[in-house]
Amino acid sequence: MSTSRTQFSTKLGILAATVGSAVGLGNIWRFPYEAGQGGGGAFLICYILFVFLIGVPAICAEFSLGRFSRSGMPVAYRKAASSRRWDFIGYASVIAAFLIISFYSVVAGWTLEYIVDSVLGLFQSTPDSSRHAQFADFTGSWKAVGWMVVFLLINAVVMLGGVQKGIERVSNILMPLLFLILIAFCINSLTMSGASEGLGFLFKPDFTKLTPEVVLGAMGQAFFSLSLGMGCMVTYASYFGDDTPLIKTSIRIALLDTLVAIMAGIIIFPAVFSFGMSPAEGPTLVFEVLPNIFHAMPGGRIWSTLFFILLATASLTSIISVSEIIVAFLCDDLSMSRRNATIVVTAISIVTGMLCSLSFGPLANLNLFNLFDFISSNILMTLGGLGICLFVGWKMDSKEVENQLRHENGHKNALYRYILFCIRYVAPAGILIVFIAGLL
Ligand code: TRP
């Protein structure tokens, strides 16, 4: 095991980077619309159950594999298994990472356009009735492709900086900023007339809405939001120090990530109800419904600028972590330099991202955007999560797993037995049941 591998420099940096990976479009864009379509509170309860029964143990499993092997995918599996038999899961993760970057950078690009529109006051000067057509025009255009490329180039600059000077430093700056903006928004939202209705929707469960599809959606959302199932946390943990407490860190990530998702709900639903809109609008919730609200709200121009900065910030720290899966693969497995790896990732992502972006225009028949999202979020991520739990729970040397999870500052972690039980039984069974039920 190479001891020369770079590491994050501080504990806070580790938290900022991992929470930065977890908190992203998944929390602020995807969670509210999934919750909106899944009946609000009922979805939330399922979601929280999945986060703590499956999510936290799965993060622990990824962390154990990553720090033990000090490698990215698929080398991590190869080292821990001392064979190449598990490589395919690692390669599947790298492919999944490409699929995610492709559609994620498209939406991230939209946030940049919306920042500019907000600053220019465009939501204020155009009528609400044109919002849908405008969004449709924009997303299908080459302009959207351009913003996606800009986003990928910003990502490339951070990646070139390396683990400490790029990823860690940027996360240390952006994550506190993100929380500040979130808090300001929550306070503002709670003073709106639709606050109690919005909060009621988010927190009062309507169990009649709970179909197997919604439950699968909640699990997929938990995986996506916690950056699980494709080796992202394996890769980051390969840069952890030996004294980083893995169980404690994963619980913190889960708590903060869930907090941000709930905050996003607290921000969006009161506004939606205050302005008489539907919470079940779907993926366009943030991009079509919110601008109407910003239009009507006092100080809307500032709030909308802040909101889309929030989205862009959250997206950047997440996309960085997805690219790192691929960069680590190229460096560890193919011995590429970090610079060349970054160039390869960026070049390929620009092409695949363009195909996704044009799915809203000329390539609508192909709709790779939805296909990539579906394959990665609903299939590869769940199977990847299943794979990692089975591997760490049953195949990896149990002494090593115990070493990774149990000794935190020399003390035994009280949760060790619970976590191991979940990694071995609860998580795999849960993933399989929900996955099969959802497919049927
Ligand atoms: N968790 C991020 C979000 O909620 C997305 C993300 C980043 C991700 N890295 C990942 C999802 C790795 C799956 C795997 O937006």
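Which residues does Ala42 touch, not counting those up to four places away in sequence? Select Ala42 and you will find Pro205, Asp206, Phe207 and Leu210 in contact with Ala42, contact being heavy atoms within 4.5 Å.

Before moving on, a word on what you are looking at. This is a predicted model, in which local features need pLDDT of at least 70 and side-chain atom pairs count only at pLDDT 80 or more, while totals for chains, interfaces and linings use all residues. Residues are numbered from 1 along each chain as its sequence is written, and side-chain values use heavy atoms, with hydrogens and water left out.

**Stop 1: around Ala42**

Ala42 lies in helix H3 (residues 41–69); helices here are DSSP runs of H or I with at least four residues, numbered from the N terminus. With a relative accessible area of 0%, Ala42 is buried (under 20% relative accessible area, 1.4 Å probe, protein chains only). Now draw a distance from Ala42 to Leu210: the two are 168 residues apart in sequence, but their C-alpha atoms are 6.8 Å apart in space.

**Stop 2: the largest nonpolar core**

Next, select Phe8, Leu65, Val286, Phe287, Phe307, Phe308 and Leu405, which touch the most other members of the 156-residue largest nonpolar core. Such a core is a set of buried Ala, Val, Leu, Ile, Met, Phe, Trp, Tyr and Cys residues joined through side-chain atoms within 4.5 Å. Helix H8 (residues 142–190) provides the largest share of this core, 18 residues. Zoom in on Phe287: leaving aside neighbours within four places in sequence, Phe287 has contacts that include Trp29, Trp110, Tyr114 and Phe308.

**Stop 3: helix H15**

Select residues 338–357, the 20 residues of helix H15. Among the buried residues of H15 are Ala341, Val345, Ser349, Gly353 and Cys356. To see what the buried residues of H15 pack against, show helix H5 (87–120), H7, H8, helix H14 (300–332) and H16.

**Stop 4: the largest pocket**

Select Tyr33, Glu34, Gln37, Pro283 and Asp373, which lie nearest the centre of the largest pocket among its 29 lining residues. The pocket holds about 720 Å³ of space. On a 1 Å grid over the protein atoms alone, a pocket is an open set of points with protein on both sides within 12 Å along at least five of seven lines, a cavity is a set where a 1.4 Å probe fits but cannot get out, and lining residues have an atom within 4 Å of a point. Grid points are joined across faces, edges and corners, and a volume is the space filled by probe spheres set on the points. Helix H16 gives the most to the lining of the largest pocket, with 6 residues.

**Stop 5: two cavities**

How many cavities of 30 Å³ or more does a search of the whole structure find? There are 2. For the largest cavity, about 130 Å³ in volume, select Ser21, Tyr104, Phe224, Ser227 and Val322, the residues nearest its centre. H14 supplies the largest share of that lining, 4 residues.

Finish at the second largest cavity, with about 80 Å³ of space. Its lining includes Phe185, Asn188, Met192, Leu290 and Met297, and H8, helix H12 (246–274) and helix H13 (285–296) each supply at least two of the lining residues.

Key
Buried means under 20% relative accessible area, exposed over 50%, partly exposed in between (1.4 Å probe, protein chains only). The expected span of a helix is 1.5 Å times one less than its number of residues.
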